[in-house]
Amino acid sequence: MQPIRYIRPSTVREAIAAHASLGDGARYIAGGTTLYDLMKLNIERPTGLVDVTFIEGLETIDTSGDTLRFGANARMADVATDPIVQSQYPVLSEALSKAASQQLRNMATVGANLLQRTRCMYFRNGYGGASGGAADYPCNKRIPGSGCAAIGGLDRGQAVLGVSDACTAVSPGDWPVALVAMDARIEVAGPGGERMLPISELYPLPGETPHIEFTLEPSEIIVGIVIGKNAAGARSTYHKIRDRESFAFALASAAVALEMSGDRVNAARIALGGVATRPWRADAAEAMLIGSDLTDDLAMAAGRAAFADAVPGRSNGFKVELGARTVADAIMIAAARRPL
Amino acid sequence: MSDENSRECQHSEGFLVLSRRSALLAGASVVPTAPFVRSAKAQDAVSPLALPVSAEHSLTVRTNINGGAFEINLDARTSLLDMLREHLGLAGSKKGCDHGQCGACTVHVDGRRVASCLTLAAKVEGREVTTIEGLSDGDRLHPMQQAFIDHDALQCGYCTPGQIMAAVACVHEGNATSSERIREYMSGNICRCGAYVGIVAAIQDAAERMERG
Ligand SMILES: Cc1cc2nc3c(=O)[nH]c(=O)nc-3n(C[C@H](O)[C@H](O)[C@H](O)COP(=O)(O)OP(=O)(O)OC[C@H]3O[C@@H](n4cnc5c(N)ncnc54)[C@H](O)[C@@H]3O)c2cc1C
Ligand code: FES
Ligand code: FES
């Protein structure tokens, strides 16, 4: 880790100005559970940190109007246990409470969570490796053009959807998957002003440029997350399958929210985690449900449809079957929940 | 690694060794327990060692630790865990992984449990930190500490300070209502000795005692 300058602004404007003045090596820091972790591995190498957590008023959770709005600095633990979120949008509360540990959820913010970086072990095996300076394994995310050791390597954890010849790293987060299912929008501010960004546009596919993971412009800061209130929220779940029962990243997960009359599905929102290179909206699975009476077989067919385009590697083929069953189970769990 | 980097590493390693030794020395003469911390004045806390970085890469943190006010000059990269252990001699909080994965470093900041290894020390400016050293009431153990002894909730003891700090918070959060819930909300604390059965029993026992009194 190299020496850093640390700045603690108290407004969004000051934060943007501080970030811009620190130049290329500047990074915002919230809880630090991604950034500081990767600094210790010498993978993130900032020269200046702009701590956003002392900015006033950025922690507000507002569920009073037509929208749910979460200030970027609201902690994962606080949004997870907000009474409205918990009772009317279980998909959101479960995506947060099934992520990381309570210690980390008390530290991490729901805004910075959107920008967490992959847990691909070749990515995390960085400059700090035992052999000294250079990275032990190539990684196109870490060093563009260096190659990908995961392709043809130990790829059990890698993605099967959205992969390219340059990268198969999984988008690790749970919360972004739930937000993609709920069509959240991100409030962003930067040197050029403010804008609203649909969350699906925050995450590019890896393609030939896997080092470009987010579409934020230099010095842009996430200010809040907005979700239009909708009836599907109450009939929803975030179903997460892990190697151990708790405190692990997803092998496969599904965010599902449904609107139904009787057995008939009127609207479906389905997104996948743990299996794709970005939070993955499963349109084909949604289309299969809408307008039909829900049965176990239909849920399973929808699960399979979600993985129709899967491209497994050497050792992660199990994710196709596991993922399809995870979607099917999530659909039936959500359907069994009755709107208030 | 560039020459510049290797110099920097040696330098900071030398610093760490020195300060760990001085922390151990402090531990030998004045055991770093809660009364010591409470009586410590701000100037006692200031690290006597010159920082290995320039002024623009350092900062002064003003914070409250276990009831005592501290003002500490630090390299801006310092974690809360290293500040406690290396600069203040509060070695109760343990470094298991240094990456948020094991919970051995758990402390409370403004009453909430956090992993001190992934918390920049700079972040506790103006906050109240409680460590395992600040949990007991003088010589009277906190009910959670007593329960860990009563239920044999440890073997080597390395994870124990973190387990206890996490467990106290778990009870305060209302997450110690069943053994299933305790397991889920204590999953951030790994015990390599596998003392989990005793740990869950201790938390259930202490939760009752904490609610009673
Ligand atoms: C052991 C461990 C287990 C975990 N398990 C899970 C899990 O199971 N599921 C899961 O989803 N996540 C998991 N995580 C990841 C965790 O959820 C993220 O690290 C966390 O949400 C990031 O939030 P933070 O506030 O700590 O971010 P930081 O590390 O502070 O920041 C993350 C990124 O966001 C940028 N940033 C911060 N704030 C802003 C802002 N306002 N605007 C623009 N950019 C900003 C930073 O520059 C940085 O690039 C785990 C992490 C650890 C360490
Ligand atoms: S040392 Fe902090 S979680 Fe392991
Ligand atoms: S008692 Fe040894 S690690 Fe828990």
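How many Å separate the centres of domain 1 of chain A and domain 2 of chain A, taken over C-alpha atoms? I looked this up before anything else, keeping in mind that the model is predicted. The two centres are 36 Å apart. For the bounds I went to the domain assignment of chain A, which gives 5–54 for domain 1 and 232–334 for domain 2.

Next entry: ligand 1. I checked its position and found that ligand 1 lies between chains A and B. I then listed its surroundings: 33 residues surround ligand 1. The closest are Tyr28(A), Ala30(A), Gly31(A), Thr33(A) and Thr34(A).

I sorted the shell by residue class. It holds 17 nonpolar, 11 polar and 5 charged residues.

I also asked which strands contribute to the shell. In chain A, β2 (26–29) and β8 (221–228) each supply at least two of its residues. The largest share, 3 residues, comes from β2(A).

Then the polar contacts of ligand 1. I noted an oxygen atom of ligand 1 at 2.6 Å from an N or O atom in the side chain of Thr34(A), a residue that is also among the closest to the ligand. On the nitrogen side, I found a polar side-chain atom of Asp174(A) 2.8 Å from a nitrogen atom of ligand 1.

Last, the cover. Ligand 1 on its own has 980 Å² of accessible area, and I recorded that the protein covers 97% of that.

Terms used:
Residues are numbered from 1 along each chain as its sequence is written. Chains are lettered from A and ligands numbered from 1 in the order in which they are written. This is a predicted model: local features need pLDDT of at least 70, side-chain atom pairs count only at pLDDT 80 or more; totals for chains, interfaces and linings use all residues. Side-chain values use heavy atoms; hydrogens and water are left out. Domain bounds come from an automatic or database domain assignment. A residue is near a molecule or strand if one of its heavy atoms lies within 4 Å of it. A polar contact is a pair of N or O atoms within 3.5 Å; within protein, one must be able to donate a hydrogen and the other to accept it, and residues adjacent in sequence count only if both atoms are side-chain atoms. Accessible areas come from the Shrake-Rupley method with a 1.4 Å probe; for residues, only the protein chains shown count as cover. Helices (H or I, at least four residues) and strands (E, at least two) are DSSP runs, numbered from the N terminus. Ala, Val, Leu, Ile, Met, Phe, Trp, Tyr, Cys and Pro count as nonpolar, Asp, Glu, Lys and Arg as charged, and the others, Gly among them, as polar.
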